[in-house]
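Please keep the sequence and the 3D view open while reading.

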Amino acid sequence: MKKTAKRLGLAMLMLMIGLTGFAQVKSDYSKEADFSKIRTYSFAGWQKESGDVINEIDQKRIQNAIAAELEKRGLEYKEDNADAVVTLFAVVDTKTSRSSYTSFNGGYGYRGRWGWGAMPLTATTQYTEYDYRVGTLVIDMYDNGEKELIWQGVISSTVKENPKNREKRIQRRVAKLFKQIPIEVVK
């Protein structure tokens with residue numbers, strides 16, 4: 001019975017970990033902004049603290065994914081005097097997942113030579129803690145002429161330590177976020 005409880009507890013933990021593996025994306029934009037006037041963009045860079053939590057390789061992957069999404073929408077990269085300026089910020093937090101499972105034994109049954117009757121009720125609780133990291137990427141787009149924030153996108157996801165397929169995951173998550181920007185894809 002204890003093996004079953006452990007397996008069930010482990011299965012619940014793996015399900016919980018699996019569910020947190022999906023990226024959550026949110027965005028907001030200024031209703032007064034005229035996105036049709038934006039033809040060019042530039043990167044203003046990463047906030048200082050971002051370099052402490054995300055390496056240069058992943059920073060470039062993220063910038064390349066953002067550039068690809070903006071180019072799909074007809075925007076051209078320009079080093080200086082662009083219509084829009086993009087800034088990036090990343091933070092990684094450690095979270096703890098907790099789960100418990102209680103199994104009950106006992107009830108009515110056959111008790112050897114005493115016959116049928118109540119058996120003592122016992123309970124066993126399995127408690128599990130698991131630490132995982134959640135990364136949050138904030139992408140801000142400013143109108144360079146007005147110096148105002150016109151769009152903000154946020155991606156939150158569980159950080160996977162294995163770099164295998166990381167570039168594809170970054171591209172998929174950035175693409176999912178950019179579906180919410182009020183600039184249509186050029187066909």
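1. A residue counts as buried when its relative accessible area is under 20%, as exposed when that area is over 50%, and as partly exposed in between. By this rule, 36% of the 187 residues of the protein are buried. Please keep in mind that the model is predicted.

2. The overall layout comes next. The protein has 4 helices and 6 strands. Going along the sequence, their order is α-β-β-α-α-β-β-β-β-α.

3. Two of the helices, α3 and α4, deserve a look as a pair. Their axes come within 9 Å and cross at roughly 40°. Angles under 35 degrees count as roughly parallel and those from 65 to 115 as roughly perpendicular, so α3 and α4 are described as oblique to each other. The crossing in which α3 passes α4 is right-handed.

4. From Gln171 to Glu69 the separation is 102 residues in sequence, but 9.0 Å in space, taken from C-alpha to C-alpha. Is Gln171 buried or partly exposed? Its relative accessible area is 40%, so Gln171 is partly exposed.

5. Now the empty space. Rolling a probe the size of a water molecule over the atoms shows where such space is left. The largest pocket holds about 510 Å³. It is lined by 23 residues, and those closest to its centre are Ile54, Ile62, Gly135, Val159 and Ile170. The elements that each give two or more residues to this lining are α3 (56-72), β4 (84-110), β5 (116-143), β6 (148-158) and α4 (166-178).

6. Which element gives the most to the lining of the largest pocket? That is α4, with 5 residues. Sorted by class, the lining of this pocket has 11 nonpolar, 7 charged and 5 polar residues.

7. Most residues other than glycine have a negative phi. Lys147, which is not a glycine, has a positive phi of about 60°. Lys147 sits in the loop between β5 and β6. With a relative accessible area of 60%, Lys147 is over the 50% cut-off and therefore exposed.

8. The other such residue is Asn165, in the loop between β6 and α4. Asn165 is not a glycine either, and its phi is positive, at about 65°. The relative accessibility of Asn165 is 44%, so it counts as partly exposed.

Conventions: Residues numbered from 1 in each chain as written. Predicted model: local features only at pLDDT ≥ 70, side-chain atom pairs only at ≥ 80, totals over all residues. Heavy atoms only, no water. 1 Å grid on protein atoms, 1.4 Å probe; cavity = no way out; pocket = protein on both sides within 12 Å on 5 of 7 lines; lining within 4 Å. Points joined across faces, edges and corners; volume = space filled by probe spheres on them. Nonpolar A, V, L, I, M, F, W, Y, C, P; charged D, E, K, R; others polar. Buried < 20%, exposed > 50% of the residue type's maximum accessible area, 1.4 Å probe, protein only. Axes fitted to C-alpha atoms, helices over the stretch in contact; angles between N-to-C directions. Parallel < 35°, antiparallel > 145°, perpendicular 65-115°, else oblique. Left-handed = near helix turned anticlockwise from the far one by under 90°.
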